[in-house]
Amino acid sequence: MEVPVVIDAVDVFVGLGSVTLLRPTSLRVEDGEAVAVVGPSGSGKTTLLRCLMGMTTPTSGRVRIDGTTVSSLSVADRARFRREHLGVVFQDPELLDELTAAENVALPLLFSGRARRDALAHSDVYLDRVGTSHLRGLRPATYSRGEAQRVAIARALAIQGRTLVADEPTASLDRDNAVAIARLLIDHGRRENTATVIATHDIELAGMCDRVLDLRHADAAVA
Ligand SMILES: Nc1ncnc2c1ncn2[C@@H]1O[C@H](COP(=O)(O)OP(=O)(O)OP(=O)(O)O)[C@@H](O)[C@H]1O
């Protein structure tokens with residue numbers, strides 16, 4: 001049986017005048033699959049992920065996520081698409097300081113029209129899933145780095161999209177936390193049939209994924 005392709009990026013190129021941010025790159029990721037994007041600093045990992053998230057418009061090529069050609073949507077529609085269908089995780093957790101963990105996780109759901117009580121109940125499920133139930137009523141100032149990143153991951157997973165994109169999610173964590181966070185993302189993807197893309201400099205983390213796209217060889221359109 002054929003496994004559905006969730007992320008289908010074809011010949012995605014980003015240039016700014018004479019500067020190349022990302023050489024033509026293709027990437028297909030199936031349901032439940034985790035792909036690591038690696039490459040030297042400046043090879044375009046963040047740029048590729050921004051194209052997948054709809055935050056950067058490719059100069060040429062196209063990005064289709066779960067059947068929607070994200071690269072052709074208007075900026076407003078892309079923002080909506082991202083909010084409703086894409087879990088995103090960055091190196092910095094980017095939590096709102098004045099909100100509790102439960103409220104931080106619930107926020108994208110509230111923006112998407114979920115009722116407050118329902119969104120908070122849903123956020124409890126995901127805080128529990130990433131092992132941070134004890135933080136639900138606390139604000140980010142009291143969290144450790146690992147805890148903050150786990151709450152950010154709960155926020156991304158709570159969207160229940162078929163795609164999760166993480167840019168250097170473990171870069172500011174110690175080894176044990178980094179491996180645990182990577183395990184969490186990859187296992188979640190397998191269990192929930194989410195297509196997961198993780199940009200990383202971490203060889204061990206890349207080795208935990210199902211496949212590796214090395215942007216050093218991006219012209220060859222691997223993966
Ligand atoms: N807004 C911009 N204007 C000009 N050049 C840019 C811009 N954004 C990124 N670049 C350049 O594009 C290239 C790719 O950057 P990108 O951040 O995608 O690389 P990266 O592989 O993620 O790097 P790192 O591993 O250091 O995070 C780099 O040479 C960078 O300097």
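1. Glutamate 192 is partly exposed, because its relative accessible area is 37% (buried means under 20%, exposed over 50%, and partly exposed in between, with a 1.4 Å probe and protein chains only). Its side chain meets that of arginine 191 in a salt bridge, at 3.7 Å from N to O; a salt bridge here is a side-chain nitrogen of Lys or Arg within 4 Å of a carboxyl oxygen of Asp or Glu. Arginine 191 counts as exposed, because its relative accessibility is 52%.

2. The model is a predicted one, in which local features need pLDDT of at least 70 and side-chain atom pairs count only at pLDDT 80 or more, whereas totals for chains, interfaces and linings use all residues. Residues are numbered from 1 along each chain as its sequence is written, and side-chain values use heavy atoms, with hydrogens and water left out.

3. Helix α6 spans residues 175–192 and holds both aspartate 187 and arginine 183, which are four residues apart, about one turn of the helix (helices are DSSP runs of H or I with at least four residues, strands are runs of E with at least two, and both are numbered from the N terminus). These two residues form a salt bridge whose closest N and O atoms are 3.3 Å apart. Aspartate 187 counts as partly exposed because its relative accessibility is 31%. Arginine 183 is likewise partly exposed, with a relative accessible area of 34%.

4. Further salt bridges deserve mention. The side chains of arginine 216 and aspartate 214 meet at 3.5 Å, N to O. Aspartate 214 counts as buried, because its relative accessibility is 16%. Asp8, Arg28 and Arg62 are linked in a network of salt bridges. By the stated rule, the count comes to 16 salt bridges.

5. Which residues are around the ligand? They are Leu16, Leu21, Pro40, Ser41, Gly42, Ser43, Gly44, Lys45, Thr46, Thr47 and His201, where a residue qualifies if one of its heavy atoms lies within 4 Å of the molecule. This shell divides into three nonpolar, seven polar and one charged residue; Ala, Val, Leu, Ile, Met, Phe, Trp, Tyr, Cys and Pro count as nonpolar, Asp, Glu, Lys and Arg as charged, and the others, Gly among them, as polar. Helix α1 (residues 45–53) supplies the largest share of the shell, three residues.

6. A polar side-chain atom of serine 41 lies 2.4 Å from a ligand oxygen, and a side-chain N or O atom of threonine 47 lies 2.6 Å from a ligand oxygen. For serine 43, a backbone N or O atom is 3.2 Å from an oxygen of the ligand. The protein covers 57% of the 640 Å² of accessible area that the ligand has on its own (Shrake-Rupley method, 1.4 Å probe; for residues, only the protein chains shown count as cover).

7. Leu16, Val19 and Leu21 form a nonpolar surface patch with about 260 Å² of accessible area together. Patches are made of residues with over 30% relative accessible area and no salt bridge, with like charges joined within 9 Å and nonpolar side chains (Val, Leu, Ile, Met, Phe, Trp, Tyr) within 5 Å. Valine 19 is found in strand β2, residues 19–30, and counts as partly exposed because its relative accessibility is 48%.

8. Leucine 99 is found in the loop between β6 (86–89) and α3 (101–111). It counts as buried because its relative accessibility is 18%. The C-alpha atoms of leucine 99 and proline 140 are separated by 7.7 Å, although the two residues are 41 residues apart along the chain.

Methods: A polar contact is a pair of N or O atoms within 3.5 Å; within protein, one must be able to donate a hydrogen and the other to accept it, and residues adjacent in sequence count only if both atoms are side-chain atoms.
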